[in-house]
Amino acid sequence: KSSYFPDANLYLSYAACDSADTWQGSAEEAEAQGCGCIASNGLTNPTYDGHSYPADYGVGCKAHDQTLPPSCNVASPPDWCASSWCWINKDTCNQCDGTDATKDFCGKSSYFPDANLYFSYPICDSADTWQGSEEEEKAKTDNKQPATASPSEDESFAPTIPKTIAMFVALIVYFL
């Protein structure tokens, strides 16, 4: 079925013309379906794990992570470091709805989860070896850490330690 004219009842066949189908699954087909790379990532001074990233990180098809910390600036970087990818708009891309059903085509950023950015390797004709990698799992875990509690201006944690010990001793005495 034609991706250029999705509402029309048009079909194409490469086989009928003794030609190889280089269109289906290509970056060009994805772009025709509203799945092209976005022109801006919307990030101001992007940082992850204390490392600064270029302002155009994820914009356009290229190996954005190649040589970047924390995982790709090492002697033997993971495969995904050299893979091309870009941010896409999941709202206009019918191949990406953010669910597990479309995870082979796109994924939500684990480096910048609050930015609502979705990436795609297939758009850039690359294999996605990032999703499911140790590094992705670490990024997901790092970005889901609970906020660290801190005392308010008029309270300190130090006095609560003796209170906690006293309560523990009281419970032991109670049950004896």
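Colleague: What makes a stretch a strand here?

Modeller: A strand is a DSSP run of E with at least two residues, numbered from the N terminus. This is a predicted model. D49 lies in the loop between β1 (47–48) and β2.

Colleague: Why is D49 called partly exposed?

Modeller: D49 has a relative accessible area of 42%. Buried means under 20% and exposed means over 50%. The value for D49 falls in between, so D49 is partly exposed.

Colleague: Where is N116, and what is its phi?

Modeller: N116 sits in the loop between β4 (107–108) and β5 (118–120). Its phi is near 55 degrees, a positive value in a residue other than glycine.

Colleague: Why is N116 called partly exposed?

Modeller: The relative accessible area of N116 is 47%. Exposed needs over 50% and buried needs under 20%, so N116 counts as partly exposed.

Colleague: Which peptide bond is cis?

Modeller: The bond from P69 to P70 is cis, with omega near 5 degrees. P70 is in the loop between β2 (51–52) and β3 (86–88).

Colleague: What makes a space a cavity?

Modeller: A 1.4 Å probe fits there but cannot get out. The structure holds one cavity of 30 Å³ or more. The largest cavity has a volume of about 120 Å³.

Colleague: Which residues line the largest cavity, and of what class are they?

Modeller: Among them are Y57, D65, W80, W85 and S109. By class, the lining has eight nonpolar, two polar and one charged residues. Asp counts as charged, so D65 is a charged lining residue.

Terms used:
Residues numbered from 1 in each chain as written. Predicted model: local features only at pLDDT ≥ 70, side-chain atom pairs only at ≥ 80, totals over all residues. Heavy atoms only, no water. Helix = DSSP H or I, 4+ residues; strand = E, 2+ residues; numbered from the N terminus. Buried < 20%, exposed > 50% of the residue type's maximum accessible area, 1.4 Å probe, protein only. 1 Å grid on protein atoms, 1.4 Å probe; cavity = no way out; pocket = protein on both sides within 12 Å on 5 of 7 lines; lining within 4 Å. Points joined across faces, edges and corners; volume = space filled by probe spheres on them.
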